[in-house]
Amino acid sequence: MTLELKLDFYPAPNPNRTGVLVLPGGGYEFISLEKEGVAPAQWLNDRNIDAWVLSYTIADESSNPAPIFPAPQREALEAVRRVRASGRVERLGIWGFSAGGHLAAVTATDPGVELDFVILAYPVISMVAGTTHEGSRRNLIGDGCEAGSDVENAMCAEKRVTESTPPTFLFHTANDDTVPVQNALGFALAMAKYDRPFQILVLPDGPHGLGLALDDARLSWTGELERWLKGSVLNGLLVGLMWCDSLWGLNGPEEGQRKVVLHPWSPKGSPDRRHVQREPTKGHNEDADIVCVADVPFPCLKNLPFEYQYTLDTVRAFAY
């Protein structure tokens, strides 16, 4: 039986083979679509990143009473599968806000998903009373779910972190009076325990649900997110220029010449996608490495954004 999804696609004008599944917040009671779905999708598109926004199952007294577990979790996993199946992306991340941050964190820590990066904005992480957002807990697993039960533990995202959890960026405000900052801190501590790469930004003051806050100089946080993306995600696209007797054009090497290889490397993924093999340059800059990952024809370079076209005057390894 095919699972029905409300999954909206926002294509980037010049896609860079990176995509993000966006999960808006709303306490598992409503979907904050414009502020935490459409706006992030447009922000991603402006950076040549494809976006998909999932309107997952929420609690509704008349048609869909709480608890709604595990419907949102199943839908998020299916959304990841469909985005992968689209063939548009080599790297796929997930971005969740508030309760959508909980759904994103639980999805990213599912052992079979193999996402490449995670963004969690003022996320609900724990289902433990005193730390969780009570409304999200009630709607997802119900007031009748006992403390310490298998279901509660399974929905505590901080308890799901392992040595394979993807690189994660977390944002929160210290005085969030709706979702305590201990949620983001707890996930960060779990990442540190398993030696996983993460960055956490905690602003000293700010309300819950502030979205991207692009027009607020005091609360805007996406500049730091963009720096993290460029440093930890987008720089995974490596271009290796292998030494050859003479250089060639976009038609590829002639007989006897060595190939240029282009591979969208991911810090997490299947072993063949993670594999990076290096060999020294010959006759040029001896300090440079050659990235030899996949036998991808050199014409792929023409699909890169204009600012990432490269001169072929030496043997180098490039990253952005």
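**The sheet and the cores**

Author: Seven strands form an open sheet with mixed pairing, in the order S1-S3-S2-S4-S5-S6-S7. Strands are DSSP E runs of at least two residues, helices H or I runs of at least four, both numbered from the N terminus; two strands pair if DSSP finds at least two bridges between them. This is a predicted model, where local features need pLDDT of at least 70, side-chain atom pairs count only at pLDDT 80 or more, and totals for chains, interfaces and linings use all residues. Residues are numbered from 1 along each chain as its sequence is written, and side-chain values use heavy atoms, leaving out hydrogens and water.

Reader: Which strands stand at the edges?

Author: S1 (7–10) and S7 (198–203); each has a single partner strand, so one side of each lacks a neighbour in the sheet. Elsewhere, S2 and S4 pair in the parallel sense over six bridges, and Val22 stands opposite Trp95 in S4.

Reader: What is the largest nonpolar core made of?

Author: A nonpolar core is a set of buried Ala, Val, Leu, Ile, Met, Phe, Trp, Tyr and Cys residues joined through side-chain atoms within 4.5 Å; buried means under 20% relative accessible area (1.4 Å probe, protein chains only). Here the largest has 42 residues, and Leu21, Leu23, Ile94, Leu120 and Phe187 have the most contacts inside it. Helix H3 gives the largest share, six residues. A second, separate core of 29 residues includes Val38, Trp43, Trp95 and Ala121.

Definitions and conventions. Buried < 20%, exposed > 50% of the residue type's maximum accessible area, 1.4 Å probe, protein only.
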